[in-house]
Amino acid sequence: MAKVAVIVAPGCEEGETLAIADILRRAEIECDLVGLSTQDVAGAHNIVLRTDVLFDGSLDGYDMVVLPGGYGGSDAMRDDERLIAELSAMNARGAWVCAICAAPLALGRAGLLAGRSFTCYPSVVQKVEDPGTWVDEPYVVDQNIITGQGPALAYAFAYALVDALGVDSEPVKQRMVYYNAFNVEGGVPSWQR
């Protein structure tokens with residue numbers, strides 16, 4: 001079974017972090033919330049998240065690493081030399097390296113986006129080091145790199161992670177009534193027409 005590390009850094013986007021972990025776990029994928037510097041992490045909106053483990057400088061044993069966004073969390077991940085080294089090592093061994101919102105800043109710092117298609121929060125594009133080609137899509141899969149655009153797209157991004165790991169996300173989408181959230185015409189959901 002695949003094993004995923006979701007990195008939780010101070011100032012992270014809490015909604016992205018929890019939606020991603022929740023969907024992975026609903027798909028019965030082993031998923032650890034990994035505190036970057038502390039086990040209890042205050043997010044961007046002062047919600048404190050308790051992580052499962054503390055990052056010890058190694059992501060050996062994980063098949064995928066996921067970096068949630070949030071400006072503070074993304075900056076903390078980008079500036080953590082141990083994490084940058086592990087992102088490069090995971091990429092070199094062909095493991096999945098994933099980031100959403102502002103977190104592709106860390107992928108750029110690790111040199112993983114050059115020559116690749118990616119997405120991120122639109123205002124972050126010009127801050128990404130050595131970027132490839134930015135694509136205006138909810139999420140982008142380019143070989144072993146998966147990127148997502150922002151908080152409202154965390155579900156779509158997380159389902160893409162599930163599928164990338166070889167698990168069918170469709171049953172989880174059905175149980176979570178995912179499609180009902182997007183049946184909108186003229187700004188009015190189907191249940192309000």
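## Close-up views of a predicted model

**View 1. The surroundings of Val4 in the predicted model.** Apart from neighbours within four places in sequence, Val4 is in contact with Leu24, Ile29, Glu30, Cys31, Asp32, Tyr62, Met64, Val66 and Leu165.

**View 2. A second, separate core.** This core has 31 residues. Among them are Ala5, Tyr62, Leu83 and Leu107.

**View 3. The largest nonpolar core.** This core consists of 33 residues, and those with the most contacts inside it are Val4, Val6, Ile20, Leu24, Val66, Phe157 and Leu161. Two or more residues are given to this core by each of β1 (3-8), α1 (14-26), β2 (30-35), β6 (64-67), β7 (96-100) and α5 (154-164). The largest share, seven residues, comes from α5. In soluble globular proteins, nonpolar side chains tend to be buried together.

**View 4. Gln149, in the loop between β11 (145-148) and α5.** Is Gln149 buried or exposed? Its relative accessible area is 12%, which is under 20%, and therefore Gln149 is classed as buried.

**View 5. Polar partners and contacts of Gln149.** The side chain of Gln149 makes a polar contact with the side chain of Thr119, at 3.1 Å. A polar atom of the Gln149 side chain also lies 3.3 Å from the backbone oxygen of Glu137. When residues up to four places away in sequence are not counted, Gln149 touches Ile100, Cys101, Thr119, Cys120, Tyr121, Pro122, Trp134, Val135, Asp136, Glu137 and Pro138.

Definitions and conventions:
Residues are numbered from 1 along each chain as its sequence is written. This is a predicted model: local features need pLDDT of at least 70, side-chain atom pairs count only at pLDDT 80 or more; totals for chains, interfaces and linings use all residues. Side-chain values use heavy atoms; hydrogens and water are left out. A nonpolar core is a set of buried Ala, Val, Leu, Ile, Met, Phe, Trp, Tyr and Cys residues joined through side-chain atoms within 4.5 Å. Buried means under 20% relative accessible area, exposed over 50%, partly exposed in between (1.4 Å probe, protein chains only). Helices (H or I, at least four residues) and strands (E, at least two) are DSSP runs, numbered from the N terminus. Contact means heavy atoms within 4.5 Å. A polar contact is a pair of N or O atoms within 3.5 Å; within protein, one must be able to donate a hydrogen and the other to accept it, and residues adjacent in sequence count only if both atoms are side-chain atoms.
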